[in-house]
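Subject: Handover of a structure

Dear colleague,

Please find below the structure that I am handing over to you. My findings are set out after it.

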Amino acid sequence: DFQHPAGPHQSIVHAECDRLVRAVTTALRRPVGGSVTAEFRSDVFYHLFAGKGEAHARRGYTKLSKGDFPSKYFPELAWKWQDQHHQGRCIDWMEGVAVRHRVRQSKLWSSKESPLLLSERITLQYNSSVF
């Protein structure tokens with residue numbers, strides 16, 4: 001239906017969410033940080049987060065809470081990382097996370113003859129805590 005599109009196929013949604021989860025858990029391995037950027041399709045972003053969250057103090061960002069991330073795609077373990085000694089880091093959800101989705105022209109090609117390449121990315125800024 002043109003008025004109510006079905007949204008992206010579930011396999012695409014799962015693949016995009018898996019990519020974001022891997023990026024978050026990799027970022028949590030760093031002793032400092034609090035920001036992660038990953039490729040993320042626009043249609044999936046709007047399918048998952050349209051109408052969720054609230055305005056963030058930083059322009060262009062939306063503040064999302066843990067409940068805004070569907071558990072179907074983002075299990076509890078998506079927000080923490082631990083080593084073989086069961087020590088690690090996790091996202092501190094007290095402040096939520098600041099999320100920005102951007103689409104911009106890729107800088108990989110500078111030739112006028114090359115096709116326009118767009119880069120779709122999601123950035124999460126967060127506070128983490130040690131456990």
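Predicted model: local features only at pLDDT ≥ 70, side-chain atom pairs only at ≥ 80, totals over all residues.

Residues are numbered from 1 along each chain as its sequence is written, and side-chain values use heavy atoms, with hydrogens and water left out.

I begin with the core. A nonpolar core here is a set of buried Ala, Val, Leu, Ile, Met, Phe, Trp, Tyr and Cys residues joined through side-chain atoms within 4.5 Å; buried means under 20% relative accessible area, exposed over 50% and partly exposed in between, with a 1.4 Å probe and protein chains only. The largest nonpolar core has 28 residues, of which L48, F69, F74, W79 and L124 touch the most other members. At least two residues each come from α1 (10-28), β1 (35-39), α2 (42-49), β6 (97-105) and β7 (118-125). Helices (H or I, at least four residues) and strands (E, at least two) are DSSP runs, numbered from the N terminus. The most is given by α1, with eight residues.

Next, the helix pair. The axes of α1 and α2 cross at roughly 90 degrees and come within 10 Å of each other; axes are lines fitted to C-alpha atoms, for helices over the stretch in contact, with angles from 0 to 180 degrees between N-to-C directions. In α1, Q10, I12, V13, E16 and C17 meet V44, H47 and L48 of α2, where contact means heavy atoms within 4.5 Å.

As to the aromatic rings, those of Phe, Tyr and Trp (its six-membered ring) pair if their centres lie within 6.5 Å; planes under 30 degrees apart count as stacked, over 60 as edge-to-face and the rest as tilted. By this rule there are nine aromatic pairs. F45 and Y46 are edge-to-face, at 5.3 Å centre to centre and 85 degrees between the planes. The pair of F45 and F49 is tilted, because the planes lie at 50 degrees, with the centres 5.4 Å apart. Both F45 and F49 are buried. Ring pairs join F45, Y46, F49, F69, F74, W79 and W93 into a cluster.

Finally, S129 lies in strand β8 (residues 128-130) and is partly exposed, at 27% relative accessible area. Leaving aside residues up to four places away in sequence, S129 touches G88, R89, C90 and D92.

With kind regards
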